[in-house]
Amino acid sequence: MLAVGTSGSTGEPKTVLLSASALVASARLTHARLGGPGTWLLALPTTHIAGIQVLVRSVVAGTEPGVMDLADGFRASGFAAAAREVLARPGRHYTALVPTQLSRLTATDGPGLAAVRAFDAVLIGGAATPPALLARARGLGVRVVTTYGMSETSGGCVYDGLPLDGVRVRLVDGRIEVRGPVLALGYRGGERFGEWFRTGDLGRIRPDGVLEVLGRADDVIISGGENIPPTLVERVLVAQRGVREACAVGLPDPEWGQVVAAAVVPEDPGDLPDPEALRAAVGLSIGRFAVPKRVIFVSELPLRGPGKVDRRAVFGTFG
């Protein structure tokens with residue numbers, strides 16, 4: 001049995017109890033979806049499930065993983081150096097990253113981009129990936145596979161919006177629920193999980209059967225009776241010229257209950273996007289009720305866990 005801590009992004013961190021069978025099932029189902037076992041490059045910390053699963057998949061595949069030194073942070077040059085040894089081995093090659101890492105690798109035409117393009121699949125998870133980043137990476141030839149999952153599901157269990165074989169997903173009152181061989185036993189000191197695990201995420205299933213994750217239920221902004229998933233606001237903002245990242249939160253308001261506020265990371269700190277243009281884009285795409293009443297520019301978004309934005313810290317930046 002393996003005990004893994006959650007990030008605690010929406011409350012007190014918990015310890016998830018994962019059986020060996022759940023971890024192995026996840027690894028085998030991942031390989032089946034990607035086209036078979038291969039050699040993995042570990043570029044994530046092993047204190048979180050995404051990094052642990054790279055090691056589990058390597059054990060299941062019977063291959064020795066490559067390991068990137070993250071002591072001084074993630075750099076494209078370091079990724080390229082670590083990838084060189086992995087890519088020299090025969091067979092298929094895989095790695096797992098968070099969106100921030102993918103953004104750095106695709107920012108310039110250098111060794112990092114050349115290395116990430118050489119992998120047969122690059123799993124992206126840990127946080128919602130901006131559509132513009134996905135489009136750019138895929139346009140550059142990176143074989144990106146988006147993943148959805150958590151410690152409670154042994155990591156990613158939905159790839160490119162479709163559950164792995166043997167995994168089932170349903171929506172109950174808009175909330176995503178998961179079942180299958182990848183589920184954890186439960187939380188340490190708490191009750192064991194049942195057949196279905198009720199996540200804290202909202203979603204919708206498109207007509208083509210693809211699951212679209214709308215964000216945490218606890219993060220929904222309620223303004224004037226309208227429910228606003230911050231993910232929808234963020235997707236519009238990052239699609240605008242000059243915006244690298246964005247985080248939307250709800251601020252208390254005596255009239256509306258909450259109002260939308262957005263922290264935006266610009267592509268160029270010396271050439272900030274027009275706040276009014278950003279607001280107009282949100283209004284046009286979603287509706288006036290979702291327009292950010294406040295827009296601030298920050299150098300970076302605070303993180304909690306691998307690639308996950310700390311919304312409580314962002315909330316604090318508005319005073």
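Helices (H or I, at least four residues) and strands (E, at least two) are DSSP runs, numbered from the N terminus. This is a predicted model, in which local features need pLDDT of at least 70, side-chain atom pairs count only at pLDDT 80 or more, and totals for chains, interfaces and linings use all residues. Residues are numbered from 1 along each chain as its sequence is written, and side-chain values use heavy atoms, with hydrogens and water left out.

**Two loop residues**

- Ser154 sits in the loop between β7 (144–150) and β8 (155–159).
- Although Ser154 is not a glycine, its phi is positive, at about 60°.
- Ser154 is buried (under 20% relative accessible area, with a 1.4 Å probe and protein chains only), at a relative accessible area of 0%.
- Asp160 lies in the loop between β8 and β9 (162–163).
- Asp160 is not a glycine either, yet has a positive phi of about 50°.
- With 35% relative accessibility, Asp160 is partly exposed, a class that lies between buried and exposed (over 50%).

**A helix pair**

- Helix α7 (residues 230–238) and helix α8 (residues 275–285) have axes that come within 9 Å and cross at roughly 125°.
- Axes are lines fitted to C-alpha atoms, for helices over the stretch in contact, and angles run from 0 to 180 degrees between N-to-C directions.
- α7 and α8 are therefore oblique to each other, the class left over after roughly parallel (under 35 degrees), roughly antiparallel (over 145) and roughly perpendicular (65 to 115).
- Val233, Val236 and Leu237 of α7 make the contact (heavy atoms within 4.5 Å) with Leu278, Ala281, Val282 and Ser285 of α8.
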